[in-house]
Amino acid sequence: MNQPPRLPEGSFAAWSRDRLTLARRGADECGDVWQLEPGVYVAATAAPCEEVLHRAQDFPKASSPLFPPLKRSSGAPTPEERAHAHAARMRGLRPQAVAARIGEIAPAAGRFADQWPTGQDVEVLPAVRDALAEIGLRYLFSEDAPTLLPFAAQLFLAREMLERPSRWVWPRWIPTPARRFRTRQQVAFTNALRPIVRRRRSSGRLGDDVLGQMLRPSSRHGLVPEEAILDTLPGITVATFETPSRAAGWILLHLARHPQAAGRVAAEAALLPADPAATTSAHLDSLQYTQALVHEVLRLHPPSWLLTRRTTRQTQLADYTIDAGSTVLVCPYTAHRDAREHFEPDQFQPERWLDDSGSPVKPGVFLSFGTGPHGCEGAALAMAMLTLLTAQTARCHHLSEPPGPEPSYQLATFGGLTTVGLRLRATLRS
């Protein structure tokens, strides 16, 4: 596989909070697409961003995964076997599959809200990450989740180490400390997962979770080989809680800053079952304003604010002829603030996502989960997790920021828009 394109030194790789302002200025002053430097282009407004993501043949997603297949003496699974494993995994992540398991997702969201310490400033992201990791791993592995949870935490740490900015771009064949750590944690996770796969297959009790879906033979592809299953699960395991955690930080911050909106969420959540395990997809569908708030926060602060594509052949984008091998940076952050798509785009207005609001405002482009052939396969699961976490938290608590002139967080932008160090205080909602 080719080395995935890296952001050029001295430009996007060094972005911080003020660089997001620069991105907005670039979109406003330079147009829909602008050239950052030779061979590097930025798709900054809605139309070209959607065009790049839909034109997967011209602008393919980098093929190098964060957790590449492990090297084995028996040989790696073939590309066809990995594709079959991915298709089997998708059976458990489709919207209808998520809807059928809402009652398994809701209890951990309720526990997160019930166990939030009141009357003290709490760092939000670690607590949110723990709650979403529990939800995500139970969705993937059911009763085997507790066994795999500590290994998943180490996979997350490996991802964090790999994503840290560096002034050097090392070739993929150089075993840097971060890459060696990644491989050790991937091997540990695989070694913990292998006996679970074999036990389920030998007993015939495959389970109804995502792993169970992968173990079931299909009429088209038959049985997915064990090694293909093991190779495809580390990445999705981390993805079930890593990106949603970033999103949840922004959502909880907006509940603190917009108490009237939080009150509307609490009113909806009051109608949920007292026992979260009794929550159904119908209850989730009834949380219309809560889902609108989640969409609006994700629009303003997309967790993955910059997506990288590399052209495979010479092609046209807006007014540019882009040569093969060029890098195109798709910026959902600026696309979501395109005034041609969103009325008053810088304003927090959850109502724009409500069909029955009576407002002339209509939702525009939304790229927080991507779009096109490489859209996020876990979008339905992420929306269910975030909606229920938001509803249960607002049902229990008023949130507020600690007093003081400075925000209670710092903004990290290299791997995604993250509220680093965010601290909030909860008081019981009467």
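Start by selecting Thr308: threonine 308 stands opposite leucine 329 in S7. Before moving on, note that this is a predicted model, in which local features need pLDDT of at least 70 and side-chain atom pairs count only at pLDDT 80 or more, while totals for chains, interfaces and linings use all residues. Residues are numbered from 1 along each chain as its sequence is written, and side-chain values use heavy atoms, with hydrogens and water left out.

Now widen the selection to strands S4 (residues 307-310) and S7, which pair in the antiparallel sense over 4 bridges. Strands here are DSSP runs of E, at least two residues, and helices are runs of H or I, at least four, numbered from the N terminus; two strands pair if DSSP finds at least two bridges between them.

Stay on S7 and show its side chains. Thr327 and Leu329 lie on one side, Val328 and Val330 on the other, and all are buried (under 20% relative accessible area; exposed is over 50%, partly exposed in between, with a 1.4 Å probe and protein chains only). In a regular strand, side chains alternate between the two faces of the sheet.

Next, pick S2 (residues 40-43). S2 runs parallel to S7 (residues 327-330), with 4 bridges joining them, and valine 40 sits opposite threonine 327. Val40 and Val42 point one way, Tyr41 and Ala43 the other, and all are buried.

Look for valine 33 opposite alanine 43. In the hairpin between S1 and S2, 2 residues separate the strands, and glycine 39 takes a positive phi near 80°.

Last stop: isoleucine 105. Leaving out residues up to four places away in sequence, Ile105 touches Val98, Ile135, Tyr139, Leu381, Ala384, Met385 and Leu388 (contact means heavy atoms within 4.5 Å).
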